[in-house]
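Trainee: I would like to learn how to read features from a model like this one. Please take them one at a time, with the general idea before the case.

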Amino acid sequence: MAQSDNKKFFENLTGAGKSIAVLTSGGDAQGMNAAVRAVVRMGIYVGAKVYFIHEGYQGMVDGGDNIKEAKWESVSSMLQVGGTVIGSARCKEFRTHEGRLKAAHNLVQRGITNLCVIGGDGSLTGANLFREEWSGLLAELVQQGLIDEEAAQKYSALHIVGMVGSIDNDFCGTDMTIGTDSALHRIIEVVDAIMTTAQSHQRTFVLEVMGRHCGYLALVSALACGADWVLIPEMPPEDGWEEKMCQKLSATRSRGSRLNIIIVAEGAIDRHGKAITSSIVKDLVVQCLGFDTRVTILGHVQRGGTPSAFDRILASRMGVEAVLALLETTANTPACVVSLCGNQSVRLPLMECVQMTQEVQKAMDEKKFEEAVQLRGRSFENNLKTYKLLAHRKPESELPQSNFNVAVLNVGAPAAGMNAAVRSAVRVGISEGHKMFAVSDGFEGFYKGQIKEIKWADVGGWTGQGGSLLGTKRTLPAKHIDKIAEQIRIYNINALLVIGGFEAYLGIMELLAARGTYEELCMPMVMVPATVSNNVPGSDLSIGADTALNAITDTCDRIKQSASGTKRRVFIIETMGGYCGYLASVGGLAAGADAAYIYEEPFDIRDLQSNVEHLTEKMKTSIQRGLILRNENSNENYTTDFIYQLYSEEGRGVFDCRKNVLGHMQQGGAPSPFDRNFGTKISAKAMQWITKKLNECYKQGRVFANTDDSACLLGMRRRALIFQPVVQLKDKTDFVHRIPKEQWWLKLRPLMKILAKYKTSYDVSDSGQLEHVAVNRPNESEATAAI
C-alpha cells in the first residue's frame with residue numbers, strides 16, 4: 001500500500017515495552033475468538049507483550065496460570081470456533097474492593113497496564129471502575145508491602161478499551177455487537193426449517209428468542225422472515241392487542257396462507273409491565289382461533305455454533321482498532337469502547353455508552369416506550385418502522401389513493417435478498433396507495449410485455465427465498481428502448497424501481513440517455529444495488545454480497561478442516577466477483593487466509609514467490625494449513641491453475657496443494673439475515689423516495705421528471721443510506737472493468753496481511769478520533785438511517 005502525505009500510518013505507533021491483556025467476560029458470543037485473535041496478533045505485530053486472562057475477571061482475581069503470555073500460534077484455528085476459547089465466568093469477587101485489589105496485584109506483577117475487555121455493559125462498567133480505582137489500589141499494595149514505590153510509579157495508569165460481545169445487541173453507541181449477526185443466523189435457520197413443517201400441517205408457531213431487556217433479535221428476525229406478529233420489551237402492544245393479533249392471523253389465513261409465525265422476545269411485556277410469555281400467546285391463539293399451535297423456545301442454541309462472516313470481520317476490525325486505541329492512550333484518555341457505526345469503526349467514551357444503555361432501561365421502567373426506542377438508536381428505530389410498515393396491512397378504505405403505477409424489476413445475475421427487496425417494495429408501494437406492477441426477466445421481459453399487477457399477498461413468504469422469483473436477465477435496454485417506451489405507455493407506468501447489479505446501473509443510464517427521444521422515460525427511476533460481486537459504484541454494500549461471503553467462509557472452514565490430521569497442506573480457492581476483489585479480500589479476512597489475489601492490487605511473479613516463501617516459513621512452525629484466495633479475474637496469466645502448480649512445485653517437501661473453484665454456489669442458497677434485512681429496508685426507503693418524487697413531479701394531470709436527481713441510485717455510504725443521481729456516478733466508475741474507481745474495503749487488505757504475519761502499512765486515517773455518542777439523531781428526512 002503506497003504511503004502518502006495525507007494518510008496516517010501506524011508505523012510510528014509502537015507497542016515496544018507495553019503489555020496488553022485480553023479477557024472475555026459475561027455471557028459468551030460467537031466472534032469473541034476472532035476479536036481475541038486480532039488483539040493478540042496485532043499486539044505482537046506492534047511489538048507488545050500480549051497476555052490471555054482465562055475465565056474473565058475470575059482469572060484476573062485468581063492469577064497464577066490464568067494469566068498466560070500469548071504467542072502468535074496460540075490463536076491459530078481459533079477464528080471459526082464459536083464461544084470463547086479463553087473462557088468466561090461471572091465473578092462476584094471482582095465486585096468487591098478486595099477482589100479488585102488482588103486483580104491489580106496480579107496485573108502489576110506481570111507489568112500489565114493495558115486491558116482489552118470483551119463483554120457486555122456490566123463487564124465494561126466493571127473495567128471502568130477498576131481503572132478509576134487503579135491509583136488507590138496501587139497505593140494500598142505499596143502500603144501492604146506487596147509492591148514497591150518504583151512499581152507503583154512505573155505502572156501508575158491503567159488503560160482500558162472495550163469491545164461489546166453480546167448476542168442481544170443491547171449496547172447503545174454501536175449498530176451491531178459481536179455475536180448478534182451469528183445469533184440471527186441461528187434463529188433464521190430454525191425459522192426456515194419450521195416454516196416447511198408449519199406449512200405442511202397448517203400450523204401456527206410461536207418462537208421465543210433471547211432478549212430479556214432488548215428486543216433486537218426478535219425484531220430483526222421478524223423482519224427477516226416476515227413474521228405475522230412480534231412482541232418486544234421496548235414497544236409493548238397497545239391494550240386489546242390479543243384481539244388485534246388474532247384478527248391479523250385469521251386475515252392471513254383467509255388470504256390463502258397455510259401458516260403463521262409469531263416471534264416473542266423472552267422479556268416481552270404488555271403496557272402494564274406484565275410478562276407476555278410464549279405459552280400465553282399459544283393459549284390465546286388456540287382459545288380464540290382454534291388453530292393448531294406449537295411453541296419453540298430457542299434458548300442457548302442462539303449462542304452456539306460457528307460465527308458468521310460478518311461477526312468475524314467485525315470482531316477482527318474491532319480487535320485491531322482496540323490495539324491501536326491502547327497504543328494512542330494517555331493518562332487523561334477516558335476508557336473507550338470500539339463501536340460500529342454504519343460501515344465504520346469508531347471509538348466512543350465507554351461510560352457515555354453505558355449511561356445511555358442504562359437510560360433505555362430507565363425509560364422502559366417508567367413506561368416511556370417511545371423514548372426507549374429512540375434511545376436504542378437509529379438502526380433499531382428504523383427496523384421497527386419498517387416492520388410495522390410491512391407486516392400490518394391497512395384496510396383499503398384507509399389507504400391513500402395516489403393513482404400512480406410503479407413497476408419493479410430485477411436486472412443482472414440473481415443475488416440472495418432480491419426477493420426480500422421486491423416484497424418490501426410491493427408492500428410499501430401498496431401502503432402508499434400505488435398500484436404495483438412486477439416485470440419478469442428484467443429489461444427483456446419489459447420490452448416483451450411480461451408485466452402484471454402484483455398484490456400484497458402475492459409476495460408472502462418471499463423474504464427467505466434465494467435467487468430471483470421475478471426472474472432476471474443481463475439484457476440491457478438500449479436496443480429495445482422503443483418497445484420499452486411502448487409498454488410504459490400501455491401500462492401507464494409512472495415510476496421505476498430497478499433491483500440489480502452493474503447491468504441495472506448501465507440500464508438506468510441508458511434509459512436516462514433516451515429521455516430526450518422518449519418522453520415516457522421522463523419519470524422517477526431508482527436503483528437498489530443487488531449483486532454478489534459488490535461492484536456497483538455509489539454503494540459500499542450490495543444485497544447478496546453477505547450471503548456470498550458466508551458461503552465462501554463456510555466452504556473455506558470445511559476445506560481447511562479436511563486437512564486436519566493430515567500433512568501440511570495449502571488450499572488455493574477461486575472466488576467470483578468479475579474484476580472486483582471484494583469477495584476474495586473480505587472472504588479472506590473472514591476465513592483467515594494467508595493471501596488474496598485481486599485485480600485492484602496488481603501482483604507479479606515476485607509477489608507469488610514471496611508468498612510461497614512466507615507460507616513455507618510458517619509451515620515449519622505448528623501451522624498446518626494455508627489458505628490462498630484468488631479472484632476469478634485477478635490476472636489473465638496468473639490463473640488459478642498456474643498459482644496451484646507454482647505453489648505445488650515451490651512447496652514440494654514442505655506442503656502439498658489442493659485447489660477449489662467455488663463457482664455458482666456463491667450465488668445460491670437462502671439469503672443471510674443481513675441481506676434479508678438490508679434488502680427489506682433499502683427497498684422500503686427507495687419506495688418512499690419514489691412516492692415523494694411522484695408527488696413533486698405530478699403537474700397538469702401527468703408525471704414529468706427529467707432532472708438528474710429524478711434518476712438515482714440508493715446506496716450505503718459509510719454511515720448512511722444516500723440517494724445519488726446516476727449521472728454523478730459516471731466519473732467514479734471504471735466501465736471497462738465494471739468496478740468503482742474507489743473501493744472502501746481495500747483498507748481492510750493490510751489488516752488481513754497483518755493477521756497472516758506479513759509486514760505491511762496499515763492506513764489508520766479513520767482511526768484515533770474519540771467521538772461522542774449521538775443522542776439527537778437527524779430526522780428521517782434529513783440523514784438516512786444506517787442499517
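Trainee: Does Glu444 count as buried or exposed, and at what relative accessibility?

Mentor: First the ground rules: this is a predicted model, in which local features need pLDDT of at least 70 and side-chain atom pairs count only at pLDDT 80 or more, while totals for chains, interfaces and linings use all residues. Residues are numbered from 1 along each chain as its sequence is written, and side-chain values use heavy atoms, with hydrogens and water left out. Buried means under 20% relative accessible area, exposed over 50%, and partly exposed in between, with a 1.4 Å probe and protein chains only. Glu444 counts as buried because its relative accessibility is 16%.

Trainee: With which residue does the side chain of Glu444 meet in a salt bridge?

Mentor: A salt bridge is a side-chain nitrogen of Lys or Arg within 4 Å of a carboxyl oxygen of Asp or Glu. The partner of Glu444 is Lys473, at 3.2 Å from N to O. The pair links distant parts of the chain, 29 residues apart: Glu444 is in helix 15 (residues 442-448) and Lys473 in strand 15 (residues 472-473). Helices (H or I, at least four residues) and strands (E, at least two) are DSSP runs, numbered from the N terminus. Lys473 has 32% relative accessibility, so this residue counts as partly exposed.

Trainee: How many salt bridges does a search of the whole structure find?

Mentor: The search finds 34. One of them joins Asp228 and Lys248, with the closest N and O atoms 3.8 Å apart. This pair also links distant parts of the chain, 20 residues apart: Asp228 sits in the loop between helix 7 (216-225) and strand 7 (229-231), and Lys248 in helix 8 (residues 241-254). Asp228 and Lys248 are both buried.

Mentor: Another salt bridge is formed by the side chains of Arg658 and Asp656, at 3.6 Å from N to O. Arg658 is partly exposed because its relative accessibility is 37%, whereas Asp656, at 16%, counts as buried. Elsewhere, salt bridges that share partners join Lys692, Lys693, Glu696 and Asp709 into one network.

Trainee: Which side chains make polar contacts with the side chain of Arg347?

Mentor: A polar contact is a pair of N or O atoms within 3.5 Å; within protein, one must be able to donate a hydrogen and the other to accept it, and residues adjacent in sequence count only if both atoms are side-chain atoms. The side chain of Arg347 has such a contact of 2.8 Å with that of Glu321 and one of 2.9 Å with that of Glu328. Arg347 lies in strand 11 (residues 344-349), and its relative accessibility of 5% is why this residue counts as buried.

Trainee: Which residues does Ser123 touch, leaving aside those up to four places away in sequence?

Mentor: Contact means heavy atoms within 4.5 Å. On that basis Ser123 touches Ser25, Gly26, Tyr57 and Val117. With Ser25 there is also a polar contact between the side chains, at 3.0 Å. Ser123 belongs to helix 4 (residues 121-143) and is buried because its relative accessible area is 9%.

Trainee: What is the phi of Ser77?

Mentor: Most residues other than glycine have a negative phi. Ser77 has a positive value, near 60 degrees. This residue is in the loop between strand 3 (67-69) and helix 3 (97-109). Lys367, also not a glycine, has a positive phi of about 65 degrees and is found in the loop between helix 11 (350-365) and helix 12 (369-376).

Trainee: In what order do the 4 strands of the open sheet lie?

Mentor: Two strands pair if DSSP finds at least two bridges between them. The order here is 7-8-6-9, with parallel pairing. Strand 7 and strand 9 (293-297) are the edge strands, each pairing on one side only. Axes are lines fitted to C-alpha atoms, for helices over the stretch in contact, and angles run from 0 to 180 degrees between N-to-C directions. From one strand to the next, the twist averages 15 degrees. Strand 6 (residues 204-209) pairs with strand 9 in the parallel sense over 5 bridges, and Glu208 has Ile297 in strand 9 as its bridge partner.
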